[in-house]
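Please open the model in a viewer and keep the selection panel at hand.

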Amino acid sequence: MSLRSPLRIVAGLGSARGGSGHWYAQRVSAVALALLGLWLVIALASLGGASHARVVAWLSSPVSSALAVLLVLAAAWHALLGLQVVIEDYVSDKGSRAAILFAVKFALAVAAVVGVMAVLRIAFGAAA
Amino acid sequence: MAQRARPLSPFLHYRWQYTNTLSILHRITGVLLSLGFLVLVYWLAAAAGGPGRYARALEVLGSSPVQLLLFGAAFAFCYHLLNGIRHLFFDAGYGFEPATARKSAYATAAGAVVLALLVWFAVRAGTGGAA
């Protein structure tokens, strides 16, 4: 879905050079996270103990591992979009802003890949 | 040409009230939840690393200071969730009347505390105390 106005598309540059895509992605990831976050809470509440065997059994089911991967991706995406706004609002120096945004994006990308790989290792039975 | 004295940015002379309290709390809890996401990844990575690593991670996660931080994360999650839903209604154009916005604000704040306690004790019960 595109929220860009025809004028914005023709002119190429708005005052902020963008934003509706960011705004919309933040909402999409927010709704995804609301559902996946509630799923995680319910799953943890009904785990029946936090032993390694329990956690591995839980994440070995196809539905749980798929939802866990989605949760990690949606959380990283939403965190990136949100932290970006906070950094852009409070860090006015262009150089520091770019450097901090760069570091945050790298850190979240690493965390997301580590999280996904961890879930996949468990799901494919490599964590026993 | 000499610069005229420009008007100050509005946030410098606005009165502090519930609206901006909820707004800044949304940001603070959002930043906290980004750190909470890293803890979730740490937990998953430990589980993927085998029983030995997982046991060591549980010791870290079960220590008192970390438990306090995790309770903070539970509150941040509940507050950010409820206020996020409130903002989705705002985005759709609902709830802007001052009386409604005030009610939803207090409901969000109170609901977050209640929900955080519920989530905390439910997850503790489900994970045998080592949430």
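**The interface between the chains**

Select chain A together with chain B: nine residue pairs, both members at pLDDT 80 or more, are in polar contact between them (a pair of N or O atoms within 3.5 Å; within protein, one must be able to donate a hydrogen and the other to accept it, and residues adjacent in sequence count only if both atoms are side-chain atoms). The model is predicted, so that local features need pLDDT of at least 70 and side-chain atom pairs count only at pLDDT 80 or more, whereas totals for chains, interfaces and linings use all residues. Residues are numbered from 1 along each chain as its sequence is written, chains are lettered from A and ligands numbered from 1 in the order in which they are written, and side-chain values use heavy atoms, with hydrogens and water left out.

Next, colour the side of chain A that touches chain B. At least two residues each come from α2 (20-45), α3 (52-60), α4 (62-90) and α5 (94-123) of chain A (helices are DSSP runs of H or I, at least four residues, numbered from the N terminus). The largest share, 11 residues, is supplied by α4(A). By class, this side holds 32 nonpolar, eight polar and three charged residues (Ala, Val, Leu, Ile, Met, Phe, Trp, Tyr, Cys and Pro count as nonpolar, Asp, Glu, Lys and Arg as charged, and the others, Gly among them, as polar).

**Salt bridges**

Which residue forms a salt bridge with A:Asp89? Select B:Arg27, whose closest N and O atoms with A:Asp89 are 2.6 Å apart (a side-chain nitrogen of Lys or Arg within 4 Å of a carboxyl oxygen of Asp or Glu). Then select B:Asp91 and A:Arg27, a salt bridge with closest atoms N and O at 2.8 Å. This pair crosses between chains, from helix α3 (residues 64-91) of chain B to helix α2 of chain A. Over all chains, the whole structure has two salt bridges.

**A helix pair across the interface**

Select α2(A) and helix α4 (residues 98-126) of chain B, whose axes come within 6 Å and cross at roughly 45 degrees (axes are lines fitted to C-alpha atoms, for helices over the stretch in contact, and angles run from 0 to 180 degrees between N-to-C directions).
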